[in-house]
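Let's take a friendly look at the pockets of this model and at one residue in chain B. Have the sequence and structure open as you read.

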Amino acid sequence: AQSVTQPDIHITVSEGASLELRCNYSYGATPYLFWYVQSPGQGLQLLLKYFSGDTLVQGIKGFEAEFKRSQSSFNLRKPSVHWSDAAEYFCAVGGRYTGNQFYFGTGTSLTVIP
Amino acid sequence: NAGVTQTPKFQVLKTGQSMTLQCAQDMNHNSMYWYRQDPGMGLRLIYYSASEGTTDKGEVPNGYNVSRLNKREFSLRLESAAPSQTSVYFCASNGLAGAYNEQFFGPGTRLTVL
């Protein structure tokens with residue numbers, strides 16, 4: 001069965017520090033992977049996605065993610081965090097064999113300290 | 001383009017009351033989805049419609065019904081609301097019939113059942 005795990009429920013970083021949010025997935029074939037961000041009281045916005053090809057993908061707002069098949073991971077990174085990055089982040093998996101469904105992790109809440 | 005719109009934004013119901021949440025998209029997307037978001041549980045799929053004229057159950061369909069009225073609109077109905085249905089509800093759509101591309105989310109409906 002498909003599943004997504006985000007091991008970190010909450011992360012706190014200082015503004016200007018680097019950030020890495022972890023995502024592990026379980027999927028029987030090549031997955032389609034997504035990272036979304038949700039600001040308080042808002043819907044979800046796509047940060048980046050991976051379908052195939054280069055395993056390092058660039059997204060909006062200076063975020064990037066690396067697909068590692070051997071580790072079943074798709075971790076999100078940012079070199080220097082801004083206060084406006086404080087939000088909830090969700091990893092999701094889709095693909096040809098998910099029965100038209102997407103599977104979401106439980107989310108990681110990011111707090112940024114000035 | 002407005003993207004994905006949801007009405008209402010907020011709603012308070014008493015136990016046993018019924019209501020319909022409305023969702024519309026203007027991106028000519030084939031697939032539409034209803035999720036609920038609860039603290040610590042991420043997004044859970046209630047129902048989805050891979051294409052006009054079809055609907056399928058997701059992870060948590062009990063207590064809900066859906067209607068894919070046309071290609072643009074996908075409504076979610078609570079026939080007899082229960083306190084356990086207090087949640088934030090998100091509608092989403094994506095262009096292909098399948099989990100092959102990113103979803104676009106509406107702003108959410110915050111529902112409280114007393």
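A residue is called buried when its relative accessible area is under 20%. Please keep in mind that this is a predicted model. Asn94(B) has a relative accessible area of 0%, so Asn94(B) is buried. You will find Asn94(B) in strand 9 of chain B, which covers residues 87-94. The side chain of Asn94(B) makes a polar contact, at 3.0 Å, with the side chain of Tyr33(B). Gln11(B) lies 83 residues from Asn94(B) in sequence, and their C-alpha atoms are 26 Å apart.

| Pocket | Volume | Lining residues | Nearest the centre |
|---|---|---|---|
| Largest | about 290 Å³ | 19 residues | Gln38(A), Glu88(A), Phe90(A), Gln37(B), Gly40(B) |

In the second largest pocket, two or more lining residues come from each of strand 1 (3-5) and strand 11 (103-104) of chain A and strand 5 (42-49) of chain B. Strand 5 of chain B gives the most to this lining, with three residues. By class, the lining of the second largest pocket has eight nonpolar, four polar and two charged residues.

Which elements each supply at least two residues of the lining of the largest pocket? They are strand 10 (87-94) of chain A and strand 4 (31-38) of chain B. Strand 10 of chain A gives the most, with three residues. The lining of the largest pocket divides into seven nonpolar, nine polar and three charged residues.

Note on methods. Residues are numbered from 1 along each chain as its sequence is written. Chains are lettered from A and ligands numbered from 1 in the order in which they are written. This is a predicted model: local features need pLDDT of at least 70, side-chain atom pairs count only at pLDDT 80 or more; totals for chains, interfaces and linings use all residues. Side-chain values use heavy atoms; hydrogens and water are left out. Helices (H or I, at least four residues) and strands (E, at least two) are DSSP runs, numbered from the N terminus. Buried means under 20% relative accessible area, exposed over 50%, partly exposed in between (1.4 Å probe, protein chains only). A polar contact is a pair of N or O atoms within 3.5 Å; within protein, one must be able to donate a hydrogen and the other to accept it, and residues adjacent in sequence count only if both atoms are side-chain atoms. On a 1 Å grid over the protein atoms alone, a cavity is a set of points where a 1.4 Å probe fits but cannot get out, and a pocket is an open set with protein on both sides within 12 Å along at least five of seven lines; lining residues have an atom within 4 Å of a point. Grid points are joined across faces, edges and corners, and a volume is the space filled by probe spheres set on the points. Ala, Val, Leu, Ile, Met, Phe, Trp, Tyr, Cys and Pro count as nonpolar, Asp, Glu, Lys and Arg as charged, and the others, Gly among them, as polar.
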